[in-house]
Amino acid sequence: MNTEHFGRHRRKIMPSVLPVHPGEMSDYAALSAYATEKATVLNRHVLGYGDLAEDEWSALGLAAPDLEALRGYRLRRIRQQLAAFDLSAAILCDPLNVRYATDATNMQVWSTHNAVRYTFVALEGPVVAFDFHNCEHLNAHNPLVTEIRHGVPWFYFESGPRSAELAQKWADELADLVKAFGGGNHRIALDKCRREGVAALERHGITIHDGEEVMELARAIKCNDEIKAMRRAIAACEAAMREMEHALVPGITEWDLWAFLHAGNIRRGGEWIETHLLSSGPRTNPWFQEASARQINEGELVAFDTDLVGPYGMCCDISRTWLCGDGLPTNEQQALYELAVDQIEGNIQMLEPGRTFRELSHRGKSLPDDCLANRYSVLFHGVGLCDEYPAVPYPADWEAGGYDGVLEAGMVVCVESYAGRHGGYEGVKLEEQILITDTGSERLSTYPWDARLMGRPR
């Protein structure tokens with residue numbers, strides 16, 4: 001296992017400026033150092049986002065985030081939450097929490113179901129990143145990562161019937177870190193882990209706290225540089241949405257239209273799209289139909305939810321509904337659209353620091369009775385690297401799963417609406433992304449409402 005500390009190989013990173021090769025006859029260590037430095041200056045997070053995205057951001061006056069400051073802030077947030085819960089360390093297995101702690105990516109979607117990447121964060125001590133086979137160089141761009149090691153692959157695909165044995169090996173190594181840097185405190189946070197791993201840690205006398213709670217609370221408050229990153233990600237998302245709307249003509253399939261959003265996201269350095277939510281005509285009611293091979297017809301509504309992880313790993317969760325073709329909407333289409341816009345705009349007005357989740361739920365603008373059966377799952381939810389804490393349901397759903405809390409400056413929330421009548425033909429999905437400021441709120445998403453569906457000419 002490679003446990004080499006890469007810190008001594010680090011210098012000021014100059015993208016694409018390759019190090020000098022030490023010579024073919026160099027020893028193993030020198031070649032390893034060269035390979036690591038070469039990979040680091042060519043790391044996607046070092047190379048940046050390219051001319052298309054940068055030119056668009058420049059035209060909009062969107063400044064770049066300071067990634068060193070962003071990474072330092074996130075590590076402090078984790079440690080603040082560890083201290084608040086009297087925990088000595090966190091073991092993070094969720095790829096988004098690993099990203100938050102290290103700002104390193106590696107097969108993000110694949111690693112959600114193949115748990116080989118994880119990170120140890122000490123309250124007082126090192127950040128140790130464990131990555132996939134021969135992938136240590138993917139963390140080397142971040143000087144806050146103290147040490148980089150091979151992960152122990154104990155998921156069944158890799159380990160087969162040796163899973164329990166390798167889970168114990170995984171736990172032994174992590175327990176050694178807890179004992180070395182925990183100061184005698186064996187209480188830790190663990191976010192996602194199969195029961196074999198939990199049991200193996202507990203055999204070392206380690207007490208486990210809910211790591212999801214720790215990380216959701218840490219991630220909830222964004223620093224200025226995270227907001228800069230999010231502004232850029234939203235701008236890239238909305239540029240892809242414009243390409244998508246331009247491509248919307250009668251006869252295009254839902255899949256072909258959806259592909260424009262995927263392509264636009266990737267071309268601007270985005271990462272993936274979490275869902276497949278685009279539907280047209282009768283497939284817009286009820287909501288949550290996934291995109292299909294269906295052809296979109298003249299005069300039909302087309303509704304979608306971006307659910308997009310864009311540049312910097314920031315989530316852009318924006319929904320729009322458009323009218324296909326050059327005609328005018330029906331009275332029902334316009335009525336549904338006005339219901340959704342009124343709900344969104346009314347609920348945005350409630351957003352300010354100090355507002356409780358209960359208030360947002362019970363005082364928020366609702367929908368007519370004939371639309372409530374099809375209501376969206378929440379009125380508001382947090383957003384950062386993905387959909388995050390908090391989630392604020394409708395009053396009817398409060399007893400089943402609602403919880404209270406308070407909006408704080410630096411949170412980013414999405415305001416949701418789905419307006420579709422029970423047993424109706426079509427529906428309208430809208431969503432806006434909003435920053436909570438010191439004095440109120442600021443709309444981060446800027447894509448306009450559909451003019452014709454608002455009753456205005458194009």
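Colleague: Which residues point one way from strand 12, and which the other way?

Modeller: This is a predicted model. In it, Ser319, Thr321 and Leu323 point one way from strand 12, while Arg320 and Trp322 point the other way. In a regular strand, side chains alternate between the two faces of the sheet.

Colleague: Are those residues buried or exposed?

Modeller: They are all buried.

Colleague: How many bridges join strand 9 to strand 12?

Modeller: There are 5 bridges between strand 9 (residues 301-305) and strand 12, and the two strands run antiparallel.

Colleague: Turning to the open sheet, what is the order of its strands?

Modeller: The open sheet has 6 strands in the order 4-3-2-1-5-6, with mixed pairing. Its edge strands are strand 4 (147-150) and strand 6 (207-210), each of which pairs on one side only. From one strand to the next, the twist averages 25 degrees.

Colleague: In what sense do strand 2 and strand 3 pair?

Modeller: Strand 2 (residues 118-122) and strand 3 (residues 127-131) are antiparallel and share 4 bridges. Within that pairing, Thr119 has Ala129 in strand 3 as its bridge partner.

Colleague: Which strands does helix 4 lie across?

Modeller: Helix 4 (residues 67-84) lies across strand 1 (89-92), strand 2, strand 3 and strand 5 (187-190). Helix 4 runs at about 65 degrees to strand 2.

Colleague: Now the helix pairs. At what angle do helix 3 and helix 11 pack?

Modeller: Helix 3 (residues 50-59) and helix 11 (residues 224-247) pack at about 105 degrees, and their axes are 10 Å apart. The two helices are therefore roughly perpendicular to each other.

Colleague: Which residues meet there?

Modeller: From helix 3, Glu54, Glu56 and Trp57 meet Arg232, Ala235, Ala236 and Ala239 of helix 11. By class, this contact has 4 nonpolar, no polar and 3 charged residues.

Colleague: And where do helix 5 and helix 10 stand in terms of angle and axes?

Modeller: The axes of helix 5 (residues 95-102) and helix 10 (residues 211-220) come within 11 Å and cross at roughly 50 degrees. That angle makes helix 5 oblique to helix 10. Their crossing is left-handed.

Colleague: What residues meet in that case?

Modeller: Leu96, Asn97 and Tyr100 of helix 5 meet Met215, Ala218 and Arg219 of helix 10. The residues of this contact divide into 4 nonpolar, 1 polar and 1 charged.

How values were computed:
Residues are numbered from 1 along each chain as its sequence is written. This is a predicted model: local features need pLDDT of at least 70, side-chain atom pairs count only at pLDDT 80 or more; totals for chains, interfaces and linings use all residues. Side-chain values use heavy atoms; hydrogens and water are left out. Axes are lines fitted to C-alpha atoms, for helices over the stretch in contact, and angles run from 0 to 180 degrees between N-to-C directions. Angles under 35 degrees count as roughly parallel, over 145 as roughly antiparallel, 65 to 115 as roughly perpendicular and the rest as oblique. A crossing is left-handed if the near helix is turned anticlockwise from the far one by less than a right angle, and right-handed if clockwise. Contact means heavy atoms within 4.5 Å. Ala, Val, Leu, Ile, Met, Phe, Trp, Tyr, Cys and Pro count as nonpolar, Asp, Glu, Lys and Arg as charged, and the others, Gly among them, as polar. Buried means under 20% relative accessible area, exposed over 50%, partly exposed in between (1.4 Å probe, protein chains only). Two strands pair if DSSP finds at least two bridges between them.
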